[in-house]
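Good morning, and thank you for making time for this item.

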Amino acid sequence: MKLLTAALLLLFIAMCIASAEGVKCKCSRKGPKIRFSNVRKLEIKPRYPFCVEEMIIVTLWTRVRGEQQHCLNPKRQNTVRLLKWYRVWKEKGR
């Protein structure tokens with residue numbers, strides 16, 4: 001009986017940990033429109049089993065708010081333009 005109880009408890013803990021993995025998706029909310037000139041860093045993270053789409057994380061810098069990170073929707077036209085602009089800007093060695 002103790003073995004069955006221990007097995008059920010272990011199964012319950014494993015299910016709780018598996019459901020907590022879904023919380024790790026960093027881009028649950030998408031950020032606002034951004035100015036390309038304020039971009040300091042751009043990170044593209046691949047899709048994970050617990051995220052629906054790839055994560056595009058942009059770090060912005062402004063005088064008023066300082067440094068901030070936002071997630072961008074990869075399907076929006078503005079994000080696609082930002083990715084193209086950032087690749088060209090990086091190739092120029094800036």
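I shall describe the fold, then one residue inside it, and then some features of the side chains.

First, a word on the basis of what I say. This is a predicted model, in which local features need pLDDT of at least 70 and side-chain atom pairs count only at pLDDT 80 or more, while totals for chains, interfaces and linings use all residues. Residues are numbered from 1 along each chain as its sequence is written, and side-chain values use heavy atoms, with hydrogens and water left out.

Let us begin with the fold. The chain has two helices and three strands, where helices (H or I, at least four residues) and strands (E, at least two) are DSSP runs numbered from the N terminus. Read from the N terminus, the order of elements is α-β-β-β-α.

How are the three strands arranged? They form an open antiparallel sheet in the order E1-E2-E3; two strands count as paired if DSSP finds at least two bridges between them. Strand E1 (39–45) and strand E3 (66–72) each have a single partner strand, so one side of each lacks a neighbour in the sheet. From one strand to the next, the twist averages 15 degrees. Between E1 and strand E2 (residues 55–62) there are six bridges, and valine 39 is placed opposite leucine 60 of E2.

Helix H2 (residues 77–91) lies across E1, E2 and E3 and runs at about 110 degrees to E1. Here axes are lines fitted to C-alpha atoms, for helices over the stretch in contact, and angles run from 0 to 180 degrees between N-to-C directions.

Now to one residue of the sheet. Leaving aside residues up to four places away in sequence, threonine 59 touches Asn38, Val39, Arg40, Lys41, Glu67, Gln68 and Gln69, a contact being heavy atoms within 4.5 Å. Over the chain, 26% of the 94 residues are buried.

Which residues make up the salt-bridge network? Lys41, Glu43 and Lys45 are linked in it. A salt bridge here is a side-chain nitrogen of Lys or Arg within 4 Å of a carboxyl oxygen of Asp or Glu. The structure holds two of them: lysine 41 with glutamate 43, at 3.8 Å between the closest N and O atoms, and lysine 45 with glutamate 43, at 3.7 Å from N to O. Lysine 41 is partly exposed at 43% relative accessibility, glutamate 43 is partly exposed at 22%, and lysine 45 is partly exposed at 29%.

Finally, the surface. The accessible surface of the chain is about 7700 Å², with 58% belonging to carbon and sulfur atoms; accessible areas come from the Shrake-Rupley method with a 1.4 Å probe, and for residues only the protein chains shown count as cover. Leu4, Leu8 and Leu11 make a nonpolar patch of about 300 Å², and leucine 11 belongs to helix H1 (residues 2–20). Patches are made of residues with over 30% relative accessible area and no salt bridge, like charges being joined within 9 Å and nonpolar side chains (Val, Leu, Ile, Met, Phe, Trp, Tyr) within 5 Å.

How values were computed
Buried means under 20% relative accessible area, exposed over 50%, partly exposed in between (1.4 Å probe, protein chains only).
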